[in-house]
Amino acid sequence: MRRAVLILTVCLISISPATAAIDVVFDYYYDDNANGFFDTSTADGLAARDRMDDVASYYEGILNDTLLAITPSGVNTWTPQFSNPATGLPISGEIDMNVAADTLIVYAGGRDMGALGQGGAGGYSAVGTAAWLDLVASRGENPITDFGPWGGSVSFNTNLPTDYSWNFSANDPESDEYDFLSVAIHEMGHVLGIGGATPWQNYISGSDFTGPAARAEYGDDVPLNDNAHWKEGTKSEVDGVDQEAAMDPTIANGKRKYFTDLDEAGLSDIGWEIVPEPATLCLLVGGGIGLLLKQQRRRKTA
Ligand SMILES: [Zn+2]
């Protein structure tokens, strides 16, 4: 029998449409038992969950991968490990959790942190046959080129700076608000492997990302920030409209950011099968892209 341990964390330092295959399941268990950022007895908590549903729908609309189920039995056992979204500390999840085929399980919560949010793919411990360890590691995908996680966790700041609040609505944020939808889109990008997955790491050369899809989109190697984000201020497009990339390190108050063509290219480079379907993109594009306001106070999205 073999044993494998893999811990994937990102940013801990700071804080086809109808036929698309992937199901993103957000789990609020750890939040329900702690800080209640997603508390369903509050209007904010309900609205935050609605935006998380929007985020799930967006990614479900562009990810067309096939991921094997994780079904422990007999000698084949495992335990998911991840950053507890309510504390930021490493935690072991449910022993021998079942993960359905084509499903990602993402624990979500809130806590006081030094950034707007944090996200990362989960790791695991596993014991069993070689085939089982391969399955837990990459769910039938090539572990070197094609990221296939069970899921991970995302967390959001419960204690924004004085005079600022979250915009939990589907509409664009006001100037004294940080946009929750935008930050959730960003943190989910980390869960999918941007910044942390092995295929991502394999494309880092110096301080650039050299994945072919991202290179084609950007026109050159893409400069990175801390190897986990595009360089601050990197531009791309959403539906033909210029926008700062979702996966650069910060977002300004009063600003909404959607997942750009470059962000999607990054996912493509680490193995995700991206469905470029305008009808699904519209879900998140309809709100319009505002111009950067002056005197923004940019904050890290981690
Ligand atoms: Zn980030």
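## Nonpolar cores

The largest nonpolar core has 58 residues, and F26 and Y59 touch the most other members. A nonpolar core is a set of buried Ala, Val, Leu, Ile, Met, Phe, Trp, Tyr and Cys residues joined through side-chain atoms within 4.5 Å. Buried means under 20% relative accessible area, exposed over 50%, and partly exposed in between (1.4 Å probe, protein chains only). The elements that give two or more residues to this core are strand 2 (23-27), helix 2 (43-62), strand 5 (103-111), strand 8 (151-157), helix 4, strand 13 (222-225) and helix 7 (261-269). Helix 2 supplies the largest share, eight residues. Helices (H or I, at least four residues) and strands (E, at least two) are DSSP runs, numbered from the N terminus.

Leaving aside residues up to four places away in sequence, F26 touches M52, V55, A56, V106, A108, V154 and M188; contact means heavy atoms within 4.5 Å. Another core, of 15 residues, lies apart from the largest one and has W78, F82, A126 and W132 among its members.

## Basis of the model

This is a predicted model, in which local features need pLDDT of at least 70 and side-chain atom pairs count only at pLDDT 80 or more, while totals for chains, interfaces and linings use all residues. Residues are numbered from 1 along each chain as its sequence is written, and side-chain values use heavy atoms, with hydrogens and water left out.

## Helix 4

Helix 4 covers residues 180-191, 12 residues in total, and spans 17 Å from its first C-alpha to its last. That is close to the expected 16 Å, where the expected span is 1.5 Å times one less than the number of residues. Because 12 of the 12 residues of helix 4 are buried, the helix is largely enclosed by the rest of the structure. After helix 4 comes G193, with a positive phi near 115°.

## Aromatic pairs and a charge over a ring

The whole structure contains 28 aromatic pairs. Rings of Phe, Tyr and Trp (its six-membered ring) pair if their centres lie within 6.5 Å; planes under 30 degrees apart count as stacked, over 60 as edge-to-face and the rest as tilted. F37 and F38 form an edge-to-face pair, at 5.1 Å centre to centre with 80° between the planes. F37 is buried at 10% relative accessible area, and F38 is buried at 0%. F82 and W150 are also edge-to-face, at 5.8 Å and 65°. F82 lies in strand 3 (residues 77-83) and W150 in the loop between helix 3 (130-138) and strand 8, so their pair ties together parts 68 residues apart in sequence. Both F82 and W150 are buried.

One aromatic cluster is formed by Y28, F37, F38, F156, W166, F168 and F180. The charged end of R49 sits over the ring of Y28, 4.1 Å from its centre. A charge sits over a ring if NZ of Lys or CZ of Arg is within 6 Å of the ring centre and within 35 degrees of the ring normal.

Four strands form an open antiparallel sheet in the order 11-12-13-14, with strand 11 (204-205) and strand 14 (229-230) at the edges, each pairing on one side only. Two strands pair if DSSP finds at least two bridges between them. Strands 13 and 14 are joined by two bridges, and L224 has W230 in strand 14 as its bridge partner.

K255 is in the loop between strand 17 (250-252) and helix 7, and counts as buried at 7% relative accessibility. The C-alpha atoms of K255 and D172 are separated by 7.2 Å, although the residues are 83 apart along the chain.
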